[in-house]
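Good morning, colleagues. Today I would like to take you through one structure and its ligand site.

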Amino acid sequence: MSEPIKALALIGMMGSGKSTLAREIGSATGWPWLDLDREVERRAGRSIEEIFRMEDEVGFRRWEHETLEWVVAHVAGPYVLATGGGTPAGPGNRSVLRSHFRVAWVDASCETLYHRALGPDRPLLQKGPEFFDRLCAERRSVYADLAELRVDVETASPADVAQNIVAWWKGL
Ligand code: S3P
C-alpha cells in the first residue's frame, strides 16, 4: 500500500508568490490551503505589522513558531501551507517542516523578489534593498537544505508552476 499523502509546505522569500501558488494548488487539487501569516494574525488578533511594532521580530517569531505547531496539531489530511519567508530560519521550525511536510522552495532572483515584494505591509522590507539582498542570500542555504523541490518563478506563470508542484507532490 502506498504512503498517505503528506501536507505540502511552500517556502521561499517574500515576493515569491507562495500564497498565490498555495491557492492555485488548492483549487487544482480540491485540498485546503492555509497561509501561515494569516493564521498568525488570526490567532494574535493583530496584523503582522502590529506584531512587529509591538513585540519586535522576536515576538513575531514566537507567534510564527507556535502557529506552525498549532497548524500541524489541528489541520488533518493533505493540505497546502504557504509559510512566511523567514519560517524555515525560525527557531525550531525546520524540524517541524521536515517531519510533517513535503517541502517545495519557490525561487527567483533576489532582485526580482525584492521588486515583487515591495509595499508597506512587510516590516522587514522597510529596512531597504541592501538588507533584503543580504537576507535573500543568507536564506538560500536554509531553503536549499530543507527543500525537496525547487521551482523557479522568474518567468513561469503561477498556473504552470502550480501544475509542476502538484505532479511532484502526488508523485505523478
Ligand atoms: C517575513 C516574511 C513575511 C512575514 C513577515 C516576515 C520574513 O511573509 O512572515 O513579514 O522574515 O521574510 P511573506 O514571505 O509571506 O511575505
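**A contact in the protein, then the ligand site**

I begin with a pair of side chains: those of Thr67 and Arg43 are joined by a polar contact of 3.1 Å. Please bear in mind that this is a predicted model. Thr67 belongs to helix 3. Is Thr67 buried or exposed? Its relative accessible area is 0%, and because buried means under 20%, Thr67 counts as buried.

Helix 3 also leads us to the ligand. Spanning residues 48-74, this helix supplies the largest share of the shell around the ligand, namely three residues.

Where does the ligand sit? The ligand is found in the largest pocket. Around the ligand there are 13 residues, and the closest are Lys18, Asp37, Arg61, Arg122 and Arg139. Sorted by class, the shell consists of five charged, five nonpolar and three polar residues.

Let me now turn to individual distances. For Arg61, a polar side-chain atom is 2.6 Å from an oxygen atom of the ligand. In the case of Asp37, an N or O atom of the side chain lies 2.8 Å from a ligand oxygen atom. Gly86 takes part through its backbone: one of its polar backbone atoms is 3.3 Å from an oxygen atom of the ligand.

How much of the ligand's accessible area does the protein cover? On its own, the ligand has 380 Å² of accessible area, and the protein covers 95% of that.

Thank you for your attention.

Note on methods
Residues numbered from 1 in each chain as written. Predicted model: local features only at pLDDT ≥ 70, side-chain atom pairs only at ≥ 80, totals over all residues. Heavy atoms only, no water. Near = heavy atom within 4 Å. Polar contact = N/O pair within 3.5 Å; in protein donor to acceptor, adjacent residues only side chain to side chain. Areas by Shrake-Rupley, 256 points an atom, 1.4 Å probe, with all protein chains shown as cover. 1 Å grid on protein atoms, 1.4 Å probe; cavity = no way out; pocket = protein on both sides within 12 Å on 5 of 7 lines; lining within 4 Å. Sits in = over half its atoms within 2 Å of the grid points. Helix = DSSP H or I, 4+ residues; strand = E, 2+ residues; numbered from the N terminus. Nonpolar A, V, L, I, M, F, W, Y, C, P; charged D, E, K, R; others polar. Buried < 20%, exposed > 50% of the residue type's maximum accessible area, 1.4 Å probe, protein only.
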